[in-house]
Each structure stands twice: as structure tokens, then as C-alpha cells.
Amino acid sequence: MKLFQTALFLLAVCFVACRVPPVPPEVQKAEAQQKDLWRAGAAVFCSQEYDDYTRALTAARHRFEGENLKLGVFRDYDRVRQDFQAVLKSGDELLARVQGIKAQKTEALGEAVRNLRAKMATLDDITLSLTERGNARKRLAQADIYLDETESLMRQAKFEQASAKLSSAGECVRDAEEAVFAFISRYLDRRQVDIWRRWTEDTIAESRTKGIVALVVSKLERRLNVYRNGRLYRSYEIGLGFNGLSNKMHSGDNATPEGRYVIVKKIASSQYYKALMINYPNEEDLRRFAEEKRRGLIPSSVGIGGDIEIHGGGEDTLTRGCVSLDNEKMDELFNLVSVGTPVAIVGTNEVENYVIRAIRKN
Amino acid sequence: MKSMVKVLVLALLAAFVFTSCAKAPTQQMDQAKAAVQAVQAAKGDVYAKDELAKLKTDLQAALDEVNAQSKKFFKKYGKAKEMLAKVVSDADAVKAEIPARIEKAKEEATQAMNDAKASFDAATALLEKAPKGKGTKKDIEAMKADLAGLQSQMTEAQNAMTAEDYFGAKDKATAIKAKADDIAKQVQEAINKVKGKR
């Protein structure tokens, strides 16, 4: 009987001693939270706070392991639960901070990308309208690729690399802007613009005093204005030469000449619909050509060129120096002018031209 | 009886000596550090970023355990040794996976480069066919310069491939293909305008 009671007593002691309290669920949650934090990049974006978090988690794990070494009946997970709850709280705060930092970086970079794309869109329009076929377009194409890469890296939260690509894109856009300014450097020269303005005013005055039609072609703005009795009567969009913004110097340079001319021939049916031939080269053109030849700037075998016309074929085409209009506009113009109608071809009449205004706006 | 007590005391003394004088597992620590370093050297920071981060965390946890035990009177390094051994085996497993991941990244980058080149060549060929001379649409001329810009980016993408920056090469090649396709579409529209006018 005594043996039976002793055995029963020992069994009861074993049963009580081996009962294990349940592991706090916070322990498992903390394991998952730690993984979420390093996946979110906490070690990168908040390295100090992440180190503190890791240390607190390690300490909590030690306490947990310490309790696990005790017999089940002596284990007390209350303190363990408190430790892990504190870790989870700090982990949640840290995760929110990391996500906040990533959102801030994304927004800051995103805004910079948007601003640069707006600037590129302006330069894209300008280079197309100027028929700039060189460095500006090339650099804009490169900037476009760098910006696509920037956006891809931002989506991967690789903000440092994205920033570097954005910087490269910015450099390309700056180069494109400088190339545009270089391309139109003559048009920024106040003295040159004053000369063009004088030609325009003199031509309009001639229209007024003689009561005739006169034409003024403004190359930068791509406009042909018709004046009747000194008043603006019609305005048309035009196309120019492959090298239209330059002043024509010689045959084959594809530039559109600048100066004061007259219509010398009306051609009702030409290769480019209707055409109005002007008297290029005039005396000033001949004088300048001779001077450039003397200075060796034009090869001796190259002539001054000619056959400069205002003709149809479309305002969006490129010519070899002529001025082109849409055919319907050419019909109107053909009926308005006659042989002897004055024609002034100028670069621009505005110092603050549309190119400068557009670039400054961005 | 007396001899039994003596034996018991001696046994307790021996246990005391062995447990309090247990040595830190320095060799296993060095092996674990070397294993993680080997993953880093095998470009784990590029091709196994998440796993490398976990290895570093696990290594630190093992070193912390060694440190915690070393401060105790009765030192027990059994758990620390297990943790260090796990770091080594995990690191070896990650390192073994990296070559396959590099190869996959290289294949994807190569495909992206080939696609970009095909689009670039197609846009170039279309521009060659586009009308030249007087009457050309000015957009077509602008696009020749655009393609020149893309050409230099193709060179950069190739340099990235050579430097084994496969993710960078793939990103750039993808962007080039999109731009080249866009240029080809615009050239075709400009060609159609000329044909329409004729």
C-alpha cells in the first residue's frame, strides 16, 4: 500500500513538473517581423534603429531560452511575453519609418523625374521646330534612356542608383539646352535682331507708302506675314531649308537667305506646286559672297547658288533653302502678290524669342 | 561511506572544472565568418541579397550567443556551435546557388540586348528607306539624331554586359528597345504622310 501511495505521489509530482505553459505567440510573430524588416530594407534605410531592434530581439530570445531550460512548472513566460511585445512594438514603428523613408525618397525622385521630363518635352518641341538634327536631339534621346532606368531602379527601391541615373539624365538635358542655344546664337545677338527689325520696318513702310502688298518671312518663328497697305493681312506657317536658320552663303549649303528681295517671277506650275521666285542673290549677297571667297571661307569651285523660291509642297517639309507653304495657302498667296512685290527674309524680330521664353519657363 | 563521499565530491569538482572552463568555439566562429564572406565574394550582394542579409543576421546572432556564454560562470557553447554550424551550411547552400542565378541573369540580359539591337536595326533600316532630299518631313531628320543618341546607349549597355552588370544591362536594353520601337513608329507615320501627299 505504501509502495502504491509513493508511486502515485511520484506520478503526481512528475505530471505537475512536466506541464509546460504555452509558448507566447509573440515569439513566432517576432520571427516573421524580423524577416519583414530586412526584406523592407531596414538595415539599409535605418541601420542604427535596426541594430537596436536586433539587439532587443536577441535579448528577448535569451530570456525565452533561459525559461525553456527550467522544468515546465517553474517556467514563467510573462516576462518573455512583455519583452517580445516591446520588440514587436518597436519593430512595427521601425517598419513604418522605413516605409515612410522609402515613400519620401520615391516622391522626391519622382518629382525630379517629372520636372526633367517636362523640360525634355519643351526641348523636344523646340529642336523639332528648329530642325536641330545634331547634339541636342542626340542628348535628349540619351536622357530619355537614363530616365527610364531611373524609374526602373526606383520601383526596385534602389534609390542611390536611381539618383545616379537621374544625375546623368540631367547632364544630358543641360547639354541639349546648351546645344540649342549654340544653334540659335545668332538669334540672341541684339545687334543682329536690330538689323532684321530694320528690314522688317522698312518693308512694311514700303507697303504703306506705296499702297502695295509686301511679304515678311520670319525664319525662327516659321511665319510668312502678308502686309497690305502697311497692315498685317495674312499670316502663314512655313517650312525652310535643311539648314534653314543659317544665312545662305553659297550653293549647296541648304540655308535660307536673309535680306530684302523682290518677286521676279510667278510660276503657276512648278515641281512644288505654285512658286514665286525671288532675286537671290541680291547686291548685298554678292558683296558678302565675294568677301567670304576672298577670305578663303568658300571653296573657289563653289558658286553663290540661286533659284530661291516661295513654293507649295507643305509647311512641314524641308527644302534646299526655299520657303515652303501648304498648297492651299500657296494658292491664296499666289493671288495676292505680283512681280515686284517686296519680300524681306529675317531671322526674327524678337530678342525674347519663343525659344528663350519656352526654356526659361521650365 | 567516506570513500563514496570523496568520489562524489571529486566528480562534482571535475564537472565544475570542465563546465566553467569550456573554451569559446573560435575555430567554428572563423569558419562561419569565412563562409559568409565567401558568399559576399561570389557576388551574393547582387544575386542573393536577401539570403546574404539573413546570413549576416544569423552570424551575428551566433556571435552574440558565444559572447553571452563567455560572460557566464558555467559556460555552455553547445547552442552557439549549432548556430555557427547552421550558418556555415546555409552559406554554402546559398553560394552554391549563385552561379545558376548569374547565368539566368546573363541569359535575360543577353535576350534584352538582342531585342534592343533588333529594334534599333529595324528603326535604322526604316530611316534608310525614308524619303531623302527636298520634301523630306523634318521629323524624319530629327529621328536620325535620336538614333545616334540610342547608339551611344547601346554601347553603354554592352559595356555593362562586359562588366557583368547583367541587371543594369537588361534595364538599359529594355529602355532602348522601347525608344527604338517608338522611333520606328514615328518614322513610318512620317513616311505615310509623304506617301499620302503624293
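Predicted model: local features only at pLDDT ≥ 70, side-chain atom pairs only at ≥ 80, totals over all residues.
**Chain A: overall form**

- The radius of gyration of chain A is 40 Å, well over the 21 Å that the globule rule gives for 362 residues, so chain A is more spread out than a compact globule.
- Taken along the principal axes, the box filled by the C-alpha atoms of chain A is roughly 145 × 45 × 35 Å.
- Of the 362 residues in chain A, 39% are buried.
- Among contacts in chain A with a separation of 6 or more, 67% are made by residues 24 or more positions apart.

**Chain B: overall form**

- Along its sequence, chain B follows the pattern α-α-α-α-α-α.
- Buried residues account for 32% of the 198 residues in chain B.
- Of the contacts in chain B between residues at least 6 apart in sequence, 76% join residues at least 24 apart.
- Chain B is divided into domain 1 (22-100) and domain 2 (102-197), and the C-alpha centres of these domains lie 48 Å apart.

**Contact between the domains of chain B**

- In this contact, 5 residues of domain 1 of chain B meet 4 residues of domain 2 of chain B.
- On the side of domain 1 of chain B that touches domain 2 of chain B, the elements giving two or more residues are α2 (26-47) and α4 (78-129) of chain B.
- The element that gives the most to that side of domain 1 of chain B is α4(B), with 3 residues.
- By class, this side of domain 1 of chain B has 4 nonpolar, no polar and 1 charged residues.

**Nonpolar cores**

- The largest nonpolar core has 52 residues, of which A143(A), A123(B), I176(B) and V187(B) touch the most other members.
- At least two residues of this core are supplied by each of α5, α6 and α7 (159-183) of chain A and by each of α4, α5 (138-162) and α6 (166-197) of chain B.
- With 10 residues, α6(B) gives the most to this core.
- Residues up to four places away in sequence aside, A143(A) touches M120(A), A169(A), C172(A), V173(A) and A176(A).
- Another core, of 34 residues, lies apart from the largest one, and among its members are I204(A), Y227(A), I238(A) and V323(A).

**Helix α7 of chain A**

- Helix α7(A) has 25 residues and reaches 36 Å from its first C-alpha to its last, close to the 36 Å expected at 1.5 Å a residue.
- The buried residues of α7(A) include F159(A), K165(A), A169(A), C172(A), V173(A), A176(A), E177(A) and F183(A).
- Among the elements that cover the buried residues of α7(A) are α5, α6 and α11 (354-361) of chain A.
- A169(A), C172(A), V173(A) and A176(A), which are buried residues of α7(A), are among the residues that A143(A) touches.

**Surroundings of R223(A)**

- R223(A) is found in strand β2 (residues 223-228) of chain A.
- R223(A) counts as partly exposed because it has 16 C-beta neighbours inside 10 Å.
- Residues up to four places away in sequence aside, R223(A) touches S218(A), S235(A), Y236(A), E237(A) and I238(A).
- R223(A) and E315(A) are 92 residues apart along the chain, and their C-alpha atoms are separated by 9.8 Å.

Definitions and conventions: Residues numbered from 1 in each chain as written. Chains lettered and ligands numbered in written order. Domains from an automatic or database assignment. Contact = placed C-beta atoms within 7 Å. Helix = DSSP H or I, 4+ residues; strand = E, 2+ residues; numbered from the N terminus. Nonpolar A, V, L, I, M, F, W, Y, C, P; charged D, E, K, R; others polar. Rg over C-alpha atoms; globule rule 2.2 N^0.38 Å. Buried ≥ 20, exposed ≤ 12 C-beta atoms within 10 Å, placed from the backbone. Core = buried A, V, L, I, M, F, W, Y, C linked by C-beta atoms within 7 Å. Expected span 1.5 Å × (residues − 1).
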